[in-house]
Structures are given as structure tokens and as C-alpha cells.
Amino acid sequence: MADEQPTADSARKADRIRRWAALDTTSGALLLVAAAVAVFWANSPWREAYDSLLHVEVGPEALHLHLSLAHWASDGLLAIFFFVVGVELKHEFVAGSLRDLKLAGVPIAAAVGGMVTPALCYVVVVAIGDPDGLHGWAIPTATDIAFALAVLAIFGRGLPLALRTFLLTLAVVDDLLGIIVIATFYTEKIDFVMLVAALAAVALFAVLVRQAWRWWPVLIPVAVVAWGLMHASGVHATVAGVLLGFVVPAVAIRGEEEPRTERLDDAVRPYSSALALPVFAFAAAGVTVVGGDGSIVQPVSIGIVVGLVVGKVVGVMGSTWLMTRFTPLRLPDAIGIRDLLPVGLLTGVGFTVALLIAELSFEGGSDDHAAAAKAAILVGSVVSAVLAAFLLRWDARQARDPDMNRDNIPDIDKDVIGG
């Protein structure tokens with residue numbers, strides 16, 4: 001009995017740590033701290049040590065996996081985050097807000113508008129001043145789910161809980177479209193034999209993940225093989241993470257009480273939030289702005305900031321207005337147009353995926369473009385987050401109408417963020 005008590009206490013402590021790591025606020029805070037440490041180190045007298053650390057190469061060369069630590073962060077650890085995105089996508093399509101087009105139509109349109117408009121802003125600015133930088137057109141299209149939800153959780157207390165669902169739906173669709181963009185436009189050469197082998201490994205994972213839970217230890221090596229084969233195919237390895245997450249069943253099977261999407265989300269999300277995302281942010285956000293020969297202020301950086309801060313808001317609000325004005329679709333219960341201004345700004349927090357696309361856009365190209373792009377992502381994301389935080393607090397203090405979404409039906413959804 002004496003041995004059982006410490007074991008039970010340890011289990012409870014581990015469970016509390018996992019729940020803490022999975023919180024939106026925790027994820028956002030760790031991302032911010034990791035990025036701040038990277039920026040400070042990259043601009044300190046010890047910046048050469050930072051650069052040297054990221055260029056240390058480890059891994060089996062025989063498997064073509066002798067990669068730098070920076071590549072392990074972007075290609076390896078980030079696949080864990082994209083696995084969680086895939087699981088979340090599957091759950092939303094089968095049992096969540098994306099299963100009903102009437103409910104999902106507006107946030108889907110907002111996501112599309114929130115990607116097209118920033119890309120157009122970037123193209124207009126860069127085409128005029130620096131056509132060589134056009135390859136980075138997709139950088140300002142990305143939204144960082146973890147950071148955006150963290151800001152909403154902290155500053156959106158008292159606002160309708162439906163606003164979080166709207167932002168989550170929008171951001172999940174944004175991530176899906178971002179994954180399609182990465183796989184389509186940032187894959188230069190494909191080894192189809194390896195790609196087919198990777199898809200076969202994903203199919204095997206899909207079979208195993210539906211078996212009894214005693215098979216779960218086999219899932220990890222199969223997932224690693226799928227990732228390795230996808231990396232070898234030339235398609236960005238994070239796509240394997242999304243595919244693996246998307247094949248997890250989103251309905252309860254084998255007499256279980258909860259879908260396996262929820263079970264695996266609970267199991268993997270703490271590692272994604274507390275390990276994968278902060279380490280990637282540390283590896284990707286270290287932009288050196290002191291002692292460099294190139295200018296950070298250039299058409300590429302201006303286009304990214306304009307796209308994130310202005311283009312996202314215009315795209316989200318403009319497409320929402322068009323959908324609610326010219327179609328039968330309406331905003332979810334308890335959400336009004338005024339709530340979408342801070343949401344539009346939150347989608348301008350690009351960060352994780354934007355940094356990844358920046359690395360892919362200027363990989364092997366201009367270092368000046370890459371540094372300017374990363375600096376602009378940090379500036380645009382911070383500006384968007386600060387403006388969103390201010391407007392969320394303002395919005396929470398305003399009186400709310402009985403029919404915020406103007407569907408001529410009194411709002412019945414009274415749940416609020418932090419309530």
C-alpha cells in the first residue's frame with residue numbers, strides 16, 4: 001500500500017502536467033518565450049554560437065537523414081504538430097463544426113478570403129519592388145492556431161464561446177489549405193516510388209489504428225517509417241503527419257466511450273505544444289538584424305506585414321460580409337460582425353506555419369529575403385496579436401444585442417469564454 005500511494009501521486013502529477021501543456025495559453029506562452037530567446041540570442045554577441053548550433057548535423061546518413069538540427073525541427077518535430085492538425089481536421093469533418101455546411105460555410109469562406117487577400121497584397125507590393133521575392137507569396141496566408149487561440153483565451157474572456165469555435169474552424173481550414181499549398185507549390189521534385197511507399201505506410205497505420213489498443217505500440221514505428229518515406233519522396237515530411245492524423249477514426253469504435261481522435265489528441269497535443277512548436281520557433285525565429293549586410297526593410301518584408309495585418313482582416317471580414325449578404329448562410333449564434341474584427345486580426349498571427357513557408361520559399365536562395373521574411377512574420381504577428389488583444393477587451397465590454405448574427409432568431413447560446 002505504501003508503494004501504491006507514491007505511484008498514484010506521480011500519475012496525478014503527470015496528468016496535471018499534460019493538461020497544463022495542452023492549454024491554449026500554455027502553448028502560446030511557450031511559443032512566445034522560445035521565439036524571444038531565439039531573437040535575443042541571434043542578435044547577441046554569441047549569435048555565431050546560435051547559428052552553429054542549428055547547423056549541427058545528426059542522424060543516419062545511410063537513410064538520407066543526416067540533417068541539421070534546424071531541419072530536424074522543421075521536418076521532424078513539426079510533423080508532430082501537423083499530426084495534431086490532422087486529427088483535429090478529421091474530428092471537425094466527422095463530428096465537429098465542419099460536418100454541417102450550414103454551420104461551416106461562413107468560416108470556410110472566411111478562411112479562403114483570409115488566404116487569398118494577403119497573398120494578393122504580398123504579390124502587389126513585391127511585384128512592384130522586388131519580383132525575385134514573389135516565390136514567398138504564400139507566407140502571409142498562414143495562421144498559427146496555437147498562438148491565435150492563446151490570445152483569444154487570455155483577452156477574450158466574457159465573449160461568446162461560439163467565437164472560439166468560429167476561429168478554430170477558420171484556422172483549421174486555413175491549415176488544411178496551407179498544407180495543400182506546401183505540398184503543391186513547395187515540392188520541386190518527387191520520387192514517386194518513395195511517395196507510394198509512404199502512402200502504403202499511412203494505409204497500414206490506418207488499419208492498425210482501428211485495431212484493439214494492445215496494438216498501439218506498433219503505431220509509433222509505422223508513423224516514423226511513413227514520415228521517413230515521405231521525407232525521402234521530396235514532399236515535405238510534415239504532410240505525412242497530417243495524413244496520419246486524418247486516418248484516425250473520429251467515431252467511437254470497439255465499444256469505446258470516446259473517438260480515437262480525441263484519445264490521440266489528448267495523448268499527443270502536450271508534446272506538440274510543449275516540445276515540437278517551441279523548439280521549431282526557437283530554430284526558425286532567430287533572425288539576426290545587427291551586424292548584417294542586408295536590409296530587413298524591403299518589399300518582401302513590407303508585403304508580409306501588409307498581408308498579415310491588413311490583408312487578413314480585409315479577407316476575413318470581406319468574405320464573411322459577402323456570404324451573409326448574398327447567401328442564406330449566417331454567422332453562428334451570438335456572434336456579430338463586430339466580433340470578426342479581432343478575429344481577423346488573430347488570423348494575422350502567422351508565426352509557426354508562416355516561418356515554415358518562409359524557409360521553403362527562400363531555401364537555397366537569398367539569405368536577405370529569408371531574414372527579411374522571418375523578421376516581417378515576427379513583426380506582423382506581434383502587431384496583429386496586440387491589436388487583436390486590445391479589440392477583444394473592447395468588444396467584451398460592449399453591450400450585446402439579443403440577435404447578434406441578425407438571423408431574426410434571438411440568440412440562445414449564452415456560453416462565454418472563461419465562463
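A nonpolar surface patch of about 260 Å² is formed by Leu53, Val56, Val58 and Leu69. Patches join residues with over 30% relative accessible area and no salt bridge, taking nonpolar side chains (Val, Leu, Ile, Met, Phe, Trp, Tyr) within 5 Å and like charges within 9 Å. A salt bridge here is a side-chain nitrogen of Lys or Arg within 4 Å of a carboxyl oxygen of Asp or Glu, and accessible areas follow the Shrake-Rupley method with a 1.4 Å probe, where for residues only the protein chains shown count as cover. The model is predicted, so local features need pLDDT of at least 70 and side-chain atom pairs count only at pLDDT 80 or more, while totals for chains, interfaces and linings use all residues. Residues are numbered from 1 along each chain as its sequence is written, and side-chain values use heavy atoms, with hydrogens and water left out.

Leu53 is partly exposed, at a relative accessible area of 32%, where buried means under 20%, exposed over 50% and partly exposed in between.

Beyond its neighbours within four places in sequence, Ile139 is in contact (heavy atoms within 4.5 Å) with Ile304, Ala354, Ile357, Ala358, Ser361, Phe362, Ala373 and Ile377.

Aromatic pairs number 10 in the structure. Rings of Phe, Tyr and Trp (its six-membered ring) pair if their centres lie within 6.5 Å, with planes under 30 degrees apart called stacked, over 60 edge-to-face and the rest tilted. Trp41 and Phe282 make a tilted pair, 5.9 Å centre to centre with 45° between the planes. Because Trp41 belongs to helix α2 (residues 24-42) and Phe282 to helix α11 (residues 260-284), this pair ties together parts 241 residues apart in sequence. Trp41 is partly exposed at 25% relative accessibility. An edge-to-face pair joins Trp137 and Phe185, 5.2 Å centre to centre with 90° between the planes. Ring pairs also link Trp41, Tyr50 and Phe282 into a cluster.

Definitions and conventions. Buried < 20%, exposed > 50% of the residue type's maximum accessible area, 1.4 Å probe, protein only. Helix = DSSP H or I, 4+ residues; strand = E, 2+ residues; numbered from the N terminus.
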